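Subject: Structure handover

Hello,

Here is the structure I promised to pass on. Please open it first, then read my notes below.

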Amino acid sequence: MPFSTLILAAGAGTRMKSTRAKVVHELLGKPMIRWVIDAAQTAGTERILTVVGHRREQVLPLVGDTTIVVQEERLGTGHAIMVARAELEPYAQAGNSLVVLSGDTPMLRADTICELVRKQQESQAAVCLMAHETDTPSGYGRVVLGGLGQVLKVVEDSDATDEEKLLRLCNSGAYCFDLPKLLENLERLGNANAQGEFYLTEVFGLLAAAKESVVACIVDAAEAEGVNDRLQLARVSAMMQERINTAWMLQGVTMLEPSSVWIGPNVKLSSDVEILPNVILSGYTEIEHGCLIGPSSRIVDSRVGRDCVVDETMIVDSCLEDGVRCGPRAYIRPGTILKLGSKVGTNVEIKNSTIGVGSKVPHLSYLGDASLGSDVNIGAGTVTCNFDGTTKYPTQIGDRAFIGSDTMLVAPVKVGADTTVGAGSTITRDVPDGALSLERAEQKVVKDWNYKKRRKRPESTAAPADKQGAAINPEDKRERQ
Ligand code: UD1
Ligand code: CA
């Protein structure tokens, strides 16, 4: 059942009140127009024409794999087809089907498009239009049926009589036409209506009046929801979220609060992944069996191996091998590899670094452009000073190195295997294997310094007796009495 597809995406989308074209607004990280194109491709369309116009410089980069038709002046959905006529004519041999979709109805499934095409082709109808029933039909064109259930016409909301406005059967905005019959009737469309536009939807009445068969394919209202304003964008996003989450839960993923979990369409999850509230998984992220993700975590374009724990953490463009623990509040930036069983703990930022097998960075550290061997321990507050204002430099740390707390590693620098770096050191030179390195000013101890200072102070400014507590030794107290 070959068919071609035309996608309408030239409209101004005024109700969005946006400087961005409506169809580039995203649902779960994917532009609205891509949901429509991908559904048409999955349904098996032979070719796709996209009609662009308003803010097309934003739309064009997203529709490069389709044939572009530019509608300079937006005079309505019927006018959009008139503009595409020259591109459509070569395919207008008898029996060829053209599916017309709107770039603003992203919930439509590939299977439903197939169903629409099948119905038009099997019944050899001039057109099969997709329709849905709703209790809130305002804004949609209403489908007017005849006594035999045949479609008589579609009347737009702004042109509908009070009686027609009560109709609950709406035009979903997706159609499968017998292409020659569509083209024959295009020039007959007028613009004498409330909006002064050439409505594509006028063609149904024209075809029906010419005794052509116009049939409807009734679909679930959820698939037909169009996005015209931000309220509908939020509603449709939530519907898409529910569709995706339901599919994952049926595949063996646990979600404590599915409504707070947002999973992009290209994410892959394995069974027995558990997702806690407030989690966003996007891009080409993959999460393997047995991981615990969340709460409050965001993972973008990253791979997470088996049995990892990701707690209140953001991970971008990185790879976690099996059994890794992250967070709470870690930030794993692009180019990072956390190897088998490694740990990145609280308030730690890692960028473009490899943390070796079993190595630990448990607290308050920044590692950038660093490469750590296995079983390394990084003390709290360690920082790689990897940037001198112009260039980034690498830091290398060998197997089993023990880096004391508050160490500054001034890159480029190499710390060998089996080394110890004393706490508080600023390491500017390489440390050979097996060595201890310590960089620390000698500690001074001035005996009784504080007691002497207090004794000199006038009585009135001395700390109140109850606050002096342990700072005053018993001997000192005795002296004062
Ligand atoms: C349209 C239908 C309505 C249907 C509803 C379903 C018409 C006249 N009305 O109304 O019956 O119930 O969809 O969602 O078709 N576009 C162009 N060029 C234009 C005008 C619009 O390409 O000159 C594109 C828009 O970008 C959009 C699509 O056509 O993707 C539909 O236009 P929109 O203005 O959203 O139509 P609705 O009022 O929603
Ligand atoms: Ca619309």
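An oxygen atom of ligand 1 lies 2.6 Å from a polar backbone atom of Asn171. That is a polar contact (a pair of N or O atoms within 3.5 Å; within protein, one must be able to donate a hydrogen and the other to accept it, and residues adjacent in sequence count only if both atoms are side-chain atoms). With Arg15 the side chain takes part: one of its N or O atoms is 3.4 Å from a ligand 1 oxygen. On its own, ligand 1 exposes 760 Å², and the protein buries 90% of that. These accessible areas come from the Shrake-Rupley method with a 1.4 Å probe; for residues, only the protein chains shown count as cover.

Before going on, two notes on the basis. This is a predicted model: local features need pLDDT of at least 70, side-chain atom pairs count only at pLDDT 80 or more, and totals for chains, interfaces and linings use all residues. Residues are numbered from 1 along each chain as its sequence is written, chains are lettered from A and ligands numbered from 1 in the order in which they are written, and side-chain values use heavy atoms, with hydrogens and water left out.

Back to ligand 1. The space it takes is the largest pocket. A pocket here is an open set of points on a 1 Å grid over the protein atoms alone, where a 1.4 Å probe fits, with protein on both sides within 12 Å along at least five of seven lines. A molecule sits in it if more than half of its atoms lie within 2 Å of its grid points. β10 gives the most, with 3 residues. Helices (H or I, at least four residues) and strands (E, at least two) are DSSP runs, numbered from the N terminus. There are 24 residues around ligand 1, and Gly11, Gln71, Thr77, Glu156 and Asn171 come nearest. Near means that a heavy atom of the residue lies within 4 Å.

Next, the metal. Which residues are the protein donors of the calcium ion (ligand 2)? They are Asp104 (OD) and Asn228 (OD1), 2.3 to 2.5 Å from the ion. The two sit 124 residues apart: Asp104 in the loop between β6 (97-102) and α5 (110-122), Asn228 in the loop between α9 (221-224) and α10 (230-250). Donors are N, O and S atoms within 2.8 Å of the metal (3.2 Å for Na, K and Ca); water is not among the atoms, so sites may look incomplete. Asp104 is buried at 13% relative accessibility. Asn228 is buried too, at 17%. The classes are buried (under 20%), exposed (over 50%) and partly exposed (in between), with a 1.4 Å probe and protein chains only.

Last, some backbone details.

- The peptide bond from Gly327 to Pro328 is cis, with omega near 0°. Pro328 is in the loop between β24 (325-326) and β25 (330-332).
- The bond from Ala411 to Pro412 is cis, with omega near 5°.
- Leu364 is not a glycine, yet has a positive phi of about 50°. Leu364 is exposed, at 51%.
- Asp375 has a positive phi near 50°. Asp375 is partly exposed, at 48%.

Best wishes

Definitions and conventions:
On a 1 Å grid over the protein atoms alone, a cavity is a set of points where a 1.4 Å probe fits but cannot get out, and a pocket is an open set with protein on both sides within 12 Å along at least five of seven lines; lining residues have an atom within 4 Å of a point.
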